[in-house]
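Welcome, and please have your viewer ready. We will take this tour one selection at a time.

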Amino acid sequence: MELQTTIYLVVGASFAIYLIIAFLARAASTSEFYVAGGGVHPVTNGMATAADWMSAASFISMAGLLSSMGHGGAVFIMGWTGGYVLLAMLLAPYLRKFGKFTVPEFIGDRYYSQTARTVAVVCLLIICVVYIVGQMTGVGVTFARFLNVSSETGIYMGMAIVFAYAVFGGMKGITYTQVAQYIVLIIAYTIPAVFISFNLTGNPFPMLGLGSNLAGTDVSLLAKIDQVVTDLGFSQFTTTTAGSTLNMVFFTISLMIGTAGLPHVIIRFFTVPKVADARYSAGWTLVFIALLYTVAPAVGGMARLNLVGTFNTNVGITQSETGALTTNPAIISANADLFAPEASLLYEERPDWVKRWEKTGLLKFEDKNGDGRIQYYNGATKNPEFLAKAEAAGWKGNELTVNNDIIVLANPEIAQLPNWVIALVAAGAVAAALSTAAGLLLAISSAISHDLVKRVFKPDLSEKGELMAGRISMIAAIILAGYLGLNPPGFAAATVALAFGLAASSLFPAIMMGIFSKTITDKAAIAGMIAGMVATCFYVFAHHGIFFIRGTEYVELIGGPNSFFGLTPAAFGTVGAMVNFAVAFLVTKVTGGRVPQHVQDMVESVRVPRGAGSAIAH
Amino acid sequence: MTLDSNAKAYWSATLRLLTIILIVWALVSYGAGIIFAPVLNNIHLGGYPLGFWFGQQGSVYTFIALIFIYAKKMGEIDRKFGVQED
């Protein structure tokens, strides 16, 4: 069957499944809308949370980042998984015992202040809106590439599907749809990885394959990557870092505590039957996330070798007569000279997948030395020995630019896999983006309808009224997200970094102090949250512009880029969190207020599992 | 034990468990995966330099183990102090 038709069929079938599930799971009460009735099994909840968490970035971009960053990519692998340990131990079980629906509700009650609640709502809305922009653009790009529509149409389609199952089903519809989306995305991600690992190393398990020898040789795959990329002037794959050691540590901490502070992830733990289930659910979530995250380094590493090997035949990666990816043991063991003239691939002989992706503009070739061959290497290096070798070989600058995002999407084509696999990858990318978008929309709408409308503006709102407000605010959020997706304020990656930085510096410290300290007062918490937010925004906006408006960067005012101990903006969330903790502690000491007894009792009660109700309003 | 001192003892036991787990969590990620990675890379796990392996694989497996160990131990502590759910 033709590729485009196959894609329509597979993706269309996945949509039908989501809509059927949503219909069967229609939410009828606020308890069902916000927390799925409080009865989701920990393993099921784990799968749903994993899909909720793994966005288009995890599915599409991460392997690409790993392929170019090598060891430095560990900040993402560790940063995006380590946070679940913090969630499991420091937040989830206690918030579940607290038993109400949202994060701002906890902050409002613990810090006995409507102001605190409102500050928390504002933080939450900024985090979620910023995050959702990335998802909608991801949905648009994926639909555009695979369903052959414009990215605008793609965004409208995404909005419509999310509207259908999120607005009717609420948390319940979203939870069970996310389980289906998890299954689709994990199968879609691992099948190409398994095939490529098997072809390159003879081992079908990608996690083991990455550590194996290349098929038919006793040369280790990672050693070969290291040797080939350093020969071509790139930094060594297994040892290269993401900035200084301090930057890597702070970046990782930012991502870990940012993950633990993300509202749309935290609310997922309100849906399990018991406190003990919340702990296990976090464990299961990490198992399901790890299935993708431990395969990603293999996808990234092997893609790096494939990429270099496609354009330089002396690397030893070729295509067999059937077109399948294969190794050439003789060339590999001989460590053939990469600078030999015939080693660089002739432009005319480039494989089909290169031609297809050239059309998208995500892969570009420019023949700088006019020899009709493609030289792919690191032209920007300062290493004089290497530059001398490149000159001697007649190379006049790197001729190939590749956008990292194509790595995962092009993988099945590179490995010559059948059409149904390519269609499945399309369905998987869409599943990842939609599941995260839905989770974010629910967090946004519950914050607005429950925390703002019901708790602050209209306390006598009936349950039915609240349900209606929930649905209306979700529709408004979908429209806003769609609008922002269609008119992105630039710097998609930077905006996601801001979302994590804000979660790390405003919400995580406030929740943690709320549970582990009985002395932090309302004013202290509010001051802390605001200080953390301001510090983080200050540093990020210095580098990327105030509210990301181009031309308003003021990085010179703070002493140049990364001037604070060499930290990149994405790593600054850790500093923001430290500011939050410090300010809250100082304000408590200096103003000396006392936390009311009923709140201290509440904290005592939250620390103990016994007496947890089902997740219905007390 | 009075109710109050039982609650205090329960919370102390909780904090002790959390501290131990967080130390391992930090050692395996920031320690083995970042700060000590260059040193560990001299050891190889199959074709993986060990520091690289911790950063991209080993830390994740350890995190999973830590969460389940925590959940199990925490359940035992709950029962020991009589605060478990029925």
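Start by selecting chain B and reading along its sequence: the pattern is α-α-β-β-α. That makes three helices and two strands, where helices (H or I, at least four residues) and strands (E, at least two) are DSSP runs numbered from the N terminus. This is a predicted model, in which local features need pLDDT of at least 70 and side-chain atom pairs count only at pLDDT 80 or more, while totals for chains, interfaces and linings use all residues. Residues are numbered from 1 along each chain as its sequence is written, and chains are lettered from A and ligands numbered from 1 in the order in which they are written.

Next, select the residues where the two chains touch: 43 from chain A and 38 from chain B. Being in contact here means that C-beta atoms, placed from the backbone, lie within 7 Å.

Now colour the helices on the chain A side. α5 (74-98), α10 (221-231), α11 (245-260) and α13 (275-293) of chain A each supply at least two residues to the side touching chain B. The largest share, 10 residues, comes from α13(A).
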